[in-house]
Amino acid sequence: MNDTAKIMNVLSLFDGMSCGQIALERVGIAIDNYFASEVDKYAIQITQKNYPKTQQLGTVTEVRGCDLPKIDLLIGGSPCQGFSFAGKQLNFDDPRSALFFEFVRLLKETKPKYFLLENVRMKKEYQDIISEHLGVKPIMINSALVSAQNRVRLYWTNIPNVTQPEDRKITLKDILETETDEGWNEIKKEWSPKFCKNYVQWDMNGKGNGSQSQRAYYGNGKHGTLTSSGAASKTKVLHEDKMSYRRLTVVERERLQTLPYNCTRGVSNTQRCGMIGNGWTIDAVAHILKNIK
Ligand SMILES: C[S@@+](CC[C@H](N)C(=O)[O-])C[C@H]1O[C@@H](n2cnc3c(N)ncnc32)[C@H](O)[C@@H]1O
């Protein structure tokens with residue numbers, strides 16, 4: 001434990017695989033009680049494997065501040081499908097995005113010293129609604145500064161003095177495993193590969209549309225944003241020969257989020273990819289949490 005270690009009660013909403021707990025550990029903040037609200041059984045399974053003392057509270061709608069001890073830190077990344085530019089922009093009418101208001105309710109009920117809400121980049125009008133409820137403006141951080149993944153996220157927090165992280169200049173080739181079972185596949189000329197800024201994309205004889213699953217990222221650049229969807233979990237890295245590619249391994253996906261080695265092991269690869277895509281870039285969140293006094 002380093003000299004910044006503190007004892008805290010944490011309430012983590014939409015806790016997923018508990019990236020909040022991993023980030024707190026990374027900055028040496030000792031946790032007294034970690035209360036997690038999550039409904040996905042696979043994410044809960046991974047949390048309990050890594051942090052058996054986590055106190056799981058179930059769905060956020062049933063969590064009552066009056067049933068908890070004094071909370072020092074409230075954290076969460078509410079489901080973002082209704083806000084996301086990638087989604088249908090349903091905003092607060094989408095019941096998944098409306099879960100944000102549960103964060104607001106528990107902020108009022110628990111009155112923590114510090115809070116941190118993470119979410120995707122969204123239309124300014126939605127951002128403003130969140131800012132109004134939380135009383136702070138978001139800080140935009142691209143995980144690319146601390147990892148090999150482009151992932152722009154908004155962080156609303158009252159933790160003071162948060163600045164942009166220093167650019168570690170990590171690229172995809174820095175996080176690749178040297179020995180993997182993933183074989184290299186040729187990109188055939190007839191698939192009409194098109195070389196874009198960060199990746200090559202192709203269209204397999206008109207069967208595909210050059211979307212995420214038919215992209216291979218250049219090793220000397222950044223990977224695109226990992227998501228929880230099946231197609232995105234199929235993204236690939238381009239070989240130096242520029243005409244072959246392979247899938248990323250699950251460990252490489254963990255590294256794109258700066259997660260500890262194999263921390264999602266224990267469920268299927270599909271579940272692992274889903275929770276990694278849903279999760280936080282640990283070093284981006286740790287960069288914010290390290291300012292807790
Ligand atoms: C964007 S993810 C957040 C992931 C998390 N930050 C992590 O560290 O892995 C949103 C999470 O909210 C969870 N969720 C959805 N409905 C919920 C509810 N009613 N109560 C609690 N969690 C819920 C989902 O299962 C999902 O894991």
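The shell around the ligand is made up of eight nonpolar, seven polar and three charged residues. Here Ala, Val, Leu, Ile, Met, Phe, Trp, Tyr, Cys and Pro count as nonpolar, Asp, Glu, Lys and Arg as charged, and the others, Gly among them, as polar.

Before going on: this is a predicted model, where local features need pLDDT of at least 70 and side-chain atom pairs count only at pLDDT 80 or more, while totals for chains, interfaces and linings use all residues. Residues are numbered from 1 along each chain as its sequence is written, and side-chain values use heavy atoms, with hydrogens and water left out.

Back to the ligand. It has 18 residues around it, and the closest are Met17, Cys19, Glu38, Thr59 and Val60; a residue counts if one of its heavy atoms lies within 4 Å. For polar contacts (pairs of N or O atoms within 3.5 Å), a ligand nitrogen is 3.0 Å from an N or O atom in the Thr59 side chain. Another entry has a polar side-chain atom of Trp280 at 3.4 Å from a ligand nitrogen. The protein covers 87% of the 600 Å² of accessible area that the ligand has on its own, by the Shrake-Rupley method with a 1.4 Å probe.

Now the sheet. Seven strands form an open sheet with mixed pairing, in the order β3-β2-β1-β4-β5-β7-β6. Strands are DSSP runs of E, at least two residues, numbered from the N terminus, and two of them pair if DSSP finds at least two bridges between them. β3 (55-56) and β6 (139-142) are at the edges with a single partner strand each, so one side of each has no neighbour in the sheet. β2 (residues 31-37) runs parallel to β3, joined by two bridges; Ala36 has Gln56 of β3 as its bridge partner.

Notes:
Helix = DSSP H or I, 4+ residues; strand = E, 2+ residues; numbered from the N terminus. Polar contact = N/O pair within 3.5 Å; in protein donor to acceptor, adjacent residues only side chain to side chain.
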